[in-house]
Amino acid sequence: MRIHRLEISAFGPFAGTERIDFDRLGAHGLFLLNGATGAGKTSVLDAICFALYGSVPGARQDGKRLRSDHAVPAAEPRVICEFSARGRRFEVSRSPAWDKPSARGKNGFTAQQANTLLRERVDGAWVERSGRNDEAGAEITAVLGMDREQFTRVVMLPQGDFAAFLRSKASDRLELLQQLFGTERFEAVEQELARKAQEARAEVTSLNDKLAVLLAQAESEAAMLDMDPTSPRPEDADALLEWLHGSAESAAARLLAESEVAEQSRAALARQLEDEAARAARQLKLAAAEGRRADAAAAAPAHRQSLAQLDQHRKAEVLGGQLRAVETAEAAEALAAGAMEKAFDLLRTAARKDPELAHVDPGHIDIPATLLGLRSLRAVIEARLPDEDRLTDVLARATRLQQTRDKLRAEELSTAAVVTALRAELAALAAGIQPLESLASEAQLRAKEAAAAEELVDVVRRHRSAVSLCTGAEERHRRARGEYLDLRQGWLDLREERLANAAAELAAQLTPGGSCPVCGSAEHPAPAPAASVALSIAEAERTAQERCEAAEKALAAIEGELQAARQEVAVLAGQGGDADPAEARQEAAAAKDRASETGRAVAELAAGRARKEQLEEEIQSAEAAQAAAASGARETQSTMVEVQEQADSLEAALGELRAGHPNLTRRADAVTATTALLEQAQEAQMLAEQSQSRTVEARRQLQEALPAAGFESAQAARDVLLPAAGAARLEKEIRARQDENARIDELFASEDLVLAMQEVETRGPVREDELEAVRSDAAAAEKAARGVAVAAGLAANSARTLTRISAEYAELAAAGREPREQAELLAAVSDAARGAGDNNYRMSLNSYVLAARLEQVAVAASERLVGMSDGRYVLQHTDAKAARGAKSGLGLEVVDQWTGQRRDTATLSGGESFMASLALALGLADVVQQESGGVDIETLFVDEGFGSLDEQALEQVMDALEGLRAGGRMVGLVSHVGEMKQRINTQLQVIKGRNGSTLRISDELPAA
């Protein structure tokens, strides 16, 4: 993997666009990345990491904004990196999320999302591969064979981190090595083994629980049986089940025999109880029958009297029809005579008052002849009734026609006047519309001009106010920025001065025989002279730093105000806010007047056009109404003449038939009423004569039937005749008594009563105490038999249940042997994999794999360290057991080949630690490179730490780094040590300034 070009825009401390040609730097193989503290050396490495992976290393990703605070507000932050790997050349361009100034955004900004573009050089042309952040990152990771963490450990060698790694505990080394070598899969194997072991243990526990449940069920079944408590109880589960099953079968057989004996005793007593109960029931039935026979004998006299009364009633009942016929005929005759008299009284009164009967004598009325004449007259009148209705309709129509004619004539005159007035108004209106049309056509344009002019006045006012605020904010920002930069420069100057006196500060802390905090030596041959002003410089630096930080906060607040003010001015200027205020107000007033004038013209024109259309419609309607009224009046007059002639003809024909009545209907009603009186009198006379004849016939028939029935008179027959309900009740009582006598005779002839009478004569009556004693004995025998049968059934069921439980227990025990063996095996393997059990080194599978990797790293690092330490030191992996049972396998020690002694890496001096950690970083990079698929790493960066080396050690380290250039590899050293600047000609310089940092490549020879 080789980096060719890097372009940084508005990123980190770089306000503008900085371009780095790594091919130019790589031509010399070794180059120096230097600059003042805080200039941005680390930001260059951050830019490379961000371009490739979309994030920066470690905590800097969370605690740092990627966009430069020095850049102009509209500048887009972006990093472009061109690199090659595995024979392919790529260009990746990334931009982080940032806030872009916008007039329409919230608070004047619009959030811009992070974006990525990945291109590949194919046949001399760039071909786009992906425009998505995740897809581009995945493809770059696949090409490089490393994720971000591995890249920062392999390409950007963090010497400081590996110095800590050199002195760290095994658990801390485990975390770093696992990140680099990706051994999570071995942890997954450990977890999977633990999970399978747990599942196997759970399965065995479940089997044991099921066996325990079966054994408890067997003991519960056996506990319900009356078993011999003195019998020895086996301890083994299989033997115990067999013993319980045999005991249950023995108990079941014994209880079955007892049940059969009890059942025989119960059956004998039940038969005895049944015989005694039947005899007692028969005797009770006999006593009840004798009581019923005594009651029947006592009721015999009343029964005979009822029979005689019913016989007399039935004889009189034969004459019932004739008696009722006479009574009915006499009543009908009296009613008919009364009705006839009333009808003739009404007829005589009508003859004296009714004009229709004026020719009849009230004392001698010939009803048939008079009826015939009236019926003929009514027929003639009814035949002419339709002519009278027609006359009424004709007269009503004539009246309506006259009213219609008068109304139509008046309407014709009024509509003629309306038409004349409407035509005059229409002519005047048409003359006034024409000048309004030309003026109204400009209304919409004038309204828009007025609104725009009014809005411009407001925008001009707001623009002047915003310009004033912006001017004040710019002046405050200029003063605050100058003050902040002066304070910052003063603080940095004091810091440089304090760092220059750092050796004197450390020398002041040295004590005879004490270790040097830099090199660890107990000898101090030439300590730096103490500076008298060191303490005052440190105090002045702290004060300057506090003042600088306060000024920076104030500057940030003013920058926010200035940004908002500039945004407001730009937005208002884009809307025309920089126009002259007086001209804007004058133009707004004139536009408003023009809009008002055209608005009034539009309203008047619309009203005039609407009225014109309305007048035209009204004129058309009025002319049509006038013509229709004239035509209707003429037609109505013609119809009136014809209708009047019809009315005169009908009136002449119907006048004689009315006979003084208002109309023929009234004459017909009068004739109908008189006819009804005559018909009523005639019908009443006929009914009276018929009733008299029926009464005479009914009396004759009754006198002829009395002697045959045995009665002397009709009254005698009426005296013995009973009401229908009374006769029915008497007959029912007689029939009930006869039925009771018959049932009593049947009872005494039945087999049970005959046997009961014989038993009373031979054995005497049944005693209740004897019957109760037999019943008690039978109940006790039945209860005892039922209890023994239930016990026998339970015992047999328990024996069957124990047979089933024994079979299930044997089957489940056989099925559990293999899971138990599997669980023991998995538990042993899982314990060994996680460093427990028989694993004496307490080393997990993951640690074991990493120990092998660490051993490879130590070998590779020793190759570098031997050259750096003049052949004295090598690093060696150790798997010695840790103290107090701690986990082992990731130990690291240094071997002094001059003395042959081994010692802990924590005992190395400062310079020795730097060389060892640098060798460890380079060795780890080689091993990780091989693990990641053998990608050739042609670009390396080595972090700070060279200042702790003496001249000879520095020379040896530089020789080792020179060796890294083999095969065209490019190595960048990050340092601000002055001697490094003299030794390395090719440099990438980071230059710090008040407006941000810049980059410069220097590949000239140093001055003599």
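**Notebook: salt bridges, strands, cores and a pocket**

I searched the whole structure for salt bridges and got 26. My criterion was a side-chain nitrogen of Lys or Arg within 4 Å of a carboxyl oxygen of Asp or Glu. The model is predicted, so I note that local features need pLDDT of at least 70, side-chain atom pairs count only at pLDDT 80 or more, and totals for chains, interfaces and linings use all residues. Residues are numbered from 1 along each chain as its sequence is written, and side-chain values use heavy atoms, with hydrogens and water left out.

**Entry 1**

I looked up Arg 195 and found its side chain in a salt bridge with Glu 192, at 2.3 Å from N to O. Why are these two about one helical turn apart? Arg 195 and Glu 192 are three residues apart in helix H8 (residues 184-223). I take helices as DSSP runs of H or I with at least four residues and strands as runs of E with at least two, numbered from the N terminus. For exposure I use relative accessible area: buried is under 20%, exposed is over 50%, and partly exposed is in between (1.4 Å probe, protein chains only). Arg 195 comes out partly exposed at 36%, and Glu 192 is partly exposed at 31%.

Next I checked Arg 132, which bridges to Asp 134 with the closest N and O atoms 3.0 Å apart. Arg 132 is partly exposed at 47%, and Asp 134 is partly exposed at 47%.

Then I went to Asp 896 and Arg 872, whose side chains meet at 2.9 Å, N to O. This pair links distant parts of the chain, 24 residues apart: Asp 896 is in strand E12 (residues 891-896), and Arg 872 is in the loop between helix H23 (845-868) and strand E11 (873-878). Is Asp 896 buried or exposed? Asp 896 is buried, with 5% relative accessible area, while Arg 872 is partly exposed at 23%.

I also noted a network: salt bridges with shared partners join Arg 5, Glu 7, Arg 19, Glu 82, Arg 89, Glu 91 and Arg 119.

**Entry 2: strand E1**

Strand E1 covers residues 2-11, and nine of its ten residues are buried. I looked for its partners, counting two strands as paired if DSSP finds at least two bridges between them. E1 runs antiparallel to strand E4 (residues 78-85) over seven bridges, and Ile 8 has Val 79 of E4 as its bridge partner. E1 is also antiparallel to strand E2 (residues 14-21), with six bridges. Glu 7 stands opposite Arg 19 in E2, and Glu 7 and Arg 19 are both in the network I listed above. E1 and E2 make a hairpin with two residues between them, and Gly 12 in the turn has a positive phi of about 60°.

**Entry 3: positive phi without glycine**

Most residues other than glycine have a negative phi. I found Ala 10 with a positive phi near 50°. Ala 10 sits in strand E1 and is buried at 2%. Asp 123 also has a positive phi, about 55°, although it is not a glycine. Asp 123 lies in the loop between strand E8 (115-122) and strand E9 (125-130), and is exposed at 80%.

**Entry 4: nonpolar cores**

I built cores as sets of buried Ala, Val, Leu, Ile, Met, Phe, Trp, Tyr and Cys residues joined through side-chain atoms within 4.5 Å. The largest has 47 residues, and Leu 6, Phe 22, Leu 52, Leu 144 and Phe 151 touch the most other members. Helix H2 (residues 41-53) gives this core its largest share, nine residues. A second, separate core has 33 residues, among them Ala 861, Met 868, Leu 922 and Ile 984.

**Entry 5: the largest pocket**

I define a pocket on a 1 Å grid over the protein atoms alone, as an open set of points where a 1.4 Å probe fits, with protein on both sides within 12 Å along at least five of seven lines; lining residues have an atom within 4 Å of a point. The largest pocket has a volume of about 1700 Å³, taken as the space filled by probe spheres set on the points, which are joined across faces, edges and corners.

Which residues lie nearest its centre? Arg 65, Ser 68, Asp 69, His 70 and Glu 559 do, out of 47 lining residues. H15 gives the most to the lining, with nine residues.
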